[in-house]
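Have the sequence and the 3D view open as you read.

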Amino acid sequence: MWSTKREEERCRSSRNMSYVYDLFQTRADDVLYFGLEQTTLIRMDLKSYFPACKKPRRSSRLMVKVVEEQKVQAISQSPLGYFDILPIEVKFYVLSYLPIEDLSLLTISSKAMRNLIECYRVSTINARGLGIHSRAHGVMDVERQAEWLARYKKLGLLIKRSTCLYATKDRLKIVNDFLTRMMCRNTENCKDRARCIGELCFGRFLHTMIAGWDDSECQRSFDCLCTHTSILKHIKIVVSSKPGAHVGLEYEVRCFLRRVFLDPCSSTADKAFWLTRVLKPWPLVQQARLLYLLYGAANEGTIQWYLMCGMPVEPSFTGQYFGGISCALGTLHRQSKEWTEDELISILDEMTSCPEEWIGENKASLLIACGEQLTSKMLISKAINGRITELSSIITSFCIVSVKHGYDLGFVMNNVQTILHSMENSRDRLSFVNSLMDMFKECIFDLHDYNDTDDEGDDRELFYLVTAFTEFSKTVIHLAFQQLL
């Protein structure tokens, strides 16, 4: 490589490496590199290979100035500024002192900050701040429950913003990971499932994260969660078996569906969407059973299937036992376009026959809670099908419930007129009126015949029945002779 022996000795004896650099630069001008496809002449820049050969500056002040200039340039070009020069451990330590809402706002400030917070979220360092807490499965008072629900709502907003550029499939993986750690059956800290808010916290997290998604994406999330938890398999077992055959599984299905999908809904439209997702895949009979399983009477972890078939519900418990069912049916009737009135009437009719025929007062209480519009549609359907005896029983029960609750009989008379107008001929109308009065007579005789004891409750029921017949008769007479009165 050396052209003369003198040059070689001079290079070895020289203390100034700049001469070596100049010599290599001169010899490199004529070097040829041969590629596979073509020959290219490349001039070697040995400055990049021998940075140490540069003659150092004699002034330390100038060196410090150069270093400072490089630092300022690096900071000005960095997306995080001075924060970017800190070690990653220090960055995470700083982020651990920020509340969740501040981290959520930082994720939308820049791409680099979002990536940093996402790395912090998935790291083990953030277990104190953003991790899943087992304390969410404990029994706590109302104020503490509100705090935990607000916490997971903020956490859902943070995940929503930090994963905004992720594909739906990747975001659902994060949701499944949260659900796996939040389910009551996956932890030993859930001692009382009826009072545990772990799944409710996850429901609040889920609804916050998927807020604004298209219906197709929400459907994907529903299918993904159902597959991950095998909840559809459990539903099939419950609705295909005899009511009460799987007490624990029935209550588990009720808690999961309500706390994850239904109860956290912020609007009636959202509730109608998720309730439709839950009910639509099943046949009509099983839809009725599933709806009662979700919103029917329950006590101490047990669905009370036979409660409506035995005794009338006390007026003080009417809202508790019928409010959820009537609200669900009303929501589907008003908000969802996927349900027809005939389907809802069939569900209502099937529900009041499961597991046995409901007594008249409980059926009447449910219809009153459902509202006049849905009730009138159901009564018209029965009138068209010629179910006069059943209509008479319902109207009689309407009168008794109205007397017990102190309602005005105007609701009852409107339904009687609706039934009469829906009948095609006068023979059917007369038959219905006669059947209605005979039903009052039969109810009074039955209650009197079976009242063999001195029970005060039986006397009270007889009083309500007689009073209902009296008030109904007064109203009919006033309507018949209102021009003379």
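## Backbone points worth a look

At 76% relative accessibility, Glu300 counts as exposed; here buried means under 20% relative accessible area, exposed over 50%, and partly exposed in between, with a 1.4 Å probe and protein chains only. Glu300 sits in the loop between strand E3 (298–299) and strand E4 (302–303). Its phi is near 55°, a positive value in a residue other than glycine. Helices (H or I, at least four residues) and strands (E, at least two) are DSSP runs, numbered from the N terminus.

Ser230 also has a positive phi, near 60°, and is not glycine. You will find Ser230 in the loop between helix H10 (215–229) and helix H11 (231–240), and it is partly exposed, with a relative accessible area of 34%. For a cis peptide bond, look at Cys354 and Pro355, where omega is about -5°. Pro355 belongs to the loop between helix H17 (341–351) and helix H18 (360–370).

## About the model

This is a predicted model, in which local features need pLDDT of at least 70 and side-chain atom pairs count only at pLDDT 80 or more, while totals for chains, interfaces and linings use all residues. Residues are numbered from 1 along each chain as its sequence is written, and side-chain values use heavy atoms, with hydrogens and water left out.

## The nonpolar core

The largest nonpolar core has 112 residues, and those with the most contacts inside it are Phe202, Leu257, Phe261 and Phe398. Helix H12 (residues 247–262) gives the most to this core, with nine residues. Such a core is a set of buried Ala, Val, Leu, Ile, Met, Phe, Trp, Tyr and Cys residues joined through side-chain atoms within 4.5 Å.

Which residues does Phe202 contact, leaving aside its neighbours within four places in sequence? They are Val175, Phe178, Leu179, Met182, Leu225 and Val260, where contact means heavy atoms within 4.5 Å.

Helix H13 (residues 268–279) and helix H16 (residues 318–335) pack at an angle of about 105°, with their axes 9 Å apart. Axes are lines fitted to C-alpha atoms, for helices over the stretch in contact, and angles run from 0 to 180 degrees between N-to-C directions. H13 and H16 are therefore roughly perpendicular to each other; angles under 35 degrees count as roughly parallel, over 145 as roughly antiparallel, 65 to 115 as roughly perpendicular and the rest as oblique.

On the H13 side, the residues that meet H16 include Ala269, Ala272 and Leu275; among those on the H16 side are Cys327, Ala328 and Leu332.

## Aromatic pairs

Across the whole structure, a search finds 18 aromatic pairs. Rings of Phe, Tyr and Trp (its six-membered ring) pair if their centres lie within 6.5 Å; planes under 30 degrees apart count as stacked, over 60 as edge-to-face and the rest as tilted. Phe317 and Tyr321 form a stacked pair, 5.9 Å centre to centre with 20° between the planes. Phe317 is partly exposed at 36% relative accessibility, whereas Tyr321 is buried at 15%.

The ring centres of Phe398 and Phe411 are 5.5 Å apart and their planes are at 70°, so this pair is edge-to-face. Phe398 lies in helix H20 (residues 388–405) and Phe411 in helix H21 (residues 410–422), so the pair ties together parts that are 13 residues apart in sequence. Phe398 is buried, with a relative accessible area of 0%, and Phe411 is buried too, at 18%. Elsewhere, ring pairs link Phe222, Phe256, Phe261, Phe273 and Trp274 into a cluster.
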